[in-house]
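Me: I have a model open and would like to learn how to read it feature by feature. Could you walk me through it?

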Amino acid sequence: MLHHPLEIPNRVRPGPSISARSVAGPEGTVYLSATSQINISMTNGGKTTLTNSLLKSLPNCCVIHQDDFFKPQDQIAVGEDGFKQWDVLESLDMEAMLSTVQAWMSSPRKFARAHGVSVQLDASDTHILILEGFLLYSYKPLVDLYSRRYFLTVPYEECKWRRSTRRYMVPDPPGLFDGHVWPMYQKYKREMEANGVEVVYLDGTKSREELFHQVLEDIQNSLLNRS
Ligand SMILES: Nc1ncnc2c1ncn2[C@@H]1O[C@H](COP(=O)(O)OP(=O)(O)O)[C@@H](O)[C@H]1O
Ligand SMILES: NC(=O)c1ccc[n+]([C@@H]2O[C@H](COP(=O)(O)O)[C@@H](O)[C@H]2O)c1
């Protein structure tokens, strides 16, 4: 069963869900034969919002959400600080996420169809996979597969405020943001930069529309440049 992220109340998704839709490009747009993986990162940076807009505008586009790969709560370690360590790589089943991405790579068309999506039949045969997640650039087997890496950033105060308005499947206990979420975000970002992972930084305080148009244009250009 396919779920569009917007249709899931309180962002609860029961088990891995793949979003996909097939749409025609705007008149005059040329999509070249290509398969691309695109990634978008940082908690509350606006990833889901941006992804939902892209999904409606890109041809044969599937989305995999990293937070569908959180391990069950009883497998999440408690740190010395007393918080459950949700924001570390070990709390995610990244092997399962990698397998899902590999299934798409081996046959994007079959993958989309297997998830109930009718694939657009045209000469261009472009397929796009968006990975949406807060910790995508720290798992080496996946990092090397991406065609384009976007990193949405918002300042500390904005991120904390946005986060305070969110209700996760497991609600944040008091102090989690300052005690765990923000320090882990900073740690992984530092490591990513030290490892030389190339990302396109996006200013998450820009308007939703501006971000959408910026990224859509960038993706379309990168598809054209692959010819
Ligand atoms: N460009 C933006 N400007 C202002 N608020 C935004 C923007 N994009 C998203 N938001 C809001 O920020 C919150 C988190 O957005 P969301 O897309 O769910 O983030 P993420 O998936 O990165 O955690 C939501 O309340 C959303 O409406
Ligand atoms: N989906 C879940 O099961 C779950 C549980 C606890 C915390 N979280 C939070 O989800 C965040 C990542 O998701 P977003 O990128 O949508 O904010 C992490 O910072 C993590 O603390 C998710």
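Me: Which residues have the most contacts inside the largest nonpolar core?

Reply: In soluble globular proteins, nonpolar side chains tend to be buried together. A nonpolar core here is a set of buried Ala, Val, Leu, Ile, Met, Phe, Trp, Tyr and Cys residues joined through C-beta atoms within 7 Å. Buried means that 20 or more other C-beta atoms lie within 10 Å of a residue's own, exposed means 12 or fewer, and partly exposed is in between, with C-beta atoms placed from the backbone. The largest such core holds 43 residues, and Cys-62, Ile-130, Tyr-150 and Val-215 have the most contacts inside it. Helix H6 gives the most to this core, with six residues.

Me: Before we go on, what should I know about the model and its numbering?

Reply: The model is predicted, so to speak of a local feature we need pLDDT of at least 70, and side-chain atom pairs count only at pLDDT 80 or more, while totals for chains, interfaces and linings use all residues. Residues are numbered from 1 along each chain as its sequence is written, with chains lettered from A and ligands numbered from 1 in the order in which they are written.

Me: How many helices and strands does the chain have?

Reply: Helices (H or I, at least four residues) and strands (E, at least two) are DSSP runs, numbered from the N terminus. The chain has seven helices and six strands, in the order β-β-α-β-α-α-β-α-β-α-α-β-α from the N terminus on. Of its 227 residues, 33% count as buried.

Me: What does Val-215 touch?

Reply: Two residues are in contact if their C-beta atoms, placed from the backbone, lie within 7 Å. Not counting residues up to four places away in sequence, Val-215 touches Leu-50, Leu-54, Tyr-150 and Leu-202.

Me: Which residues of H6 are buried?

Reply: An α-helix has 3.6 residues a turn, so residues three or four places apart point the same way. In H6, the buried residues are Phe-177, His-180, Val-181, Met-184, Tyr-185, Tyr-188 and Met-192. They pack against helix H5 (156-164). H6 itself (residues 176-194) has 19 residues and reaches 26 Å from its first C-alpha to its last, close to the 27 Å expected at 1.5 Å a residue; the expected span is 1.5 Å times one less than the number of residues. After H6 comes Gly-196, with a positive phi near 70 degrees.

Me: How many residues surround ligand 1?

Reply: A residue is near a molecule or strand if its C-beta atom, placed from the backbone, lies within 6 Å of it. Ligand 1 is surrounded by 14 residues, the closest being Asn-44, Gly-46, Lys-47, Thr-48 and Thr-49. Helix H1 (47-57) gives the most to this shell, with three residues. To sort a shell, count Ala, Val, Leu, Ile, Met, Phe, Trp, Tyr, Cys and Pro as nonpolar, Asp, Glu, Lys and Arg as charged, and the others, Gly among them, as polar. The shell around ligand 1 has one nonpolar, nine polar and four charged residues.

Me: How do the residues around ligand 2 divide?

Reply: They divide into seven nonpolar, two polar and three charged. Among them are Phe-70, Trp-86, Phe-134 and Tyr-168.

Me: Why does Tyr-201 count as exposed?

Reply: Tyr-201 counts as exposed because 12 other C-beta atoms lie within 10 Å. Tyr-201 lies in strand E6 (residues 200-203) and, leaving aside neighbours within four places in sequence, is in contact with Phe-151 and Thr-153.
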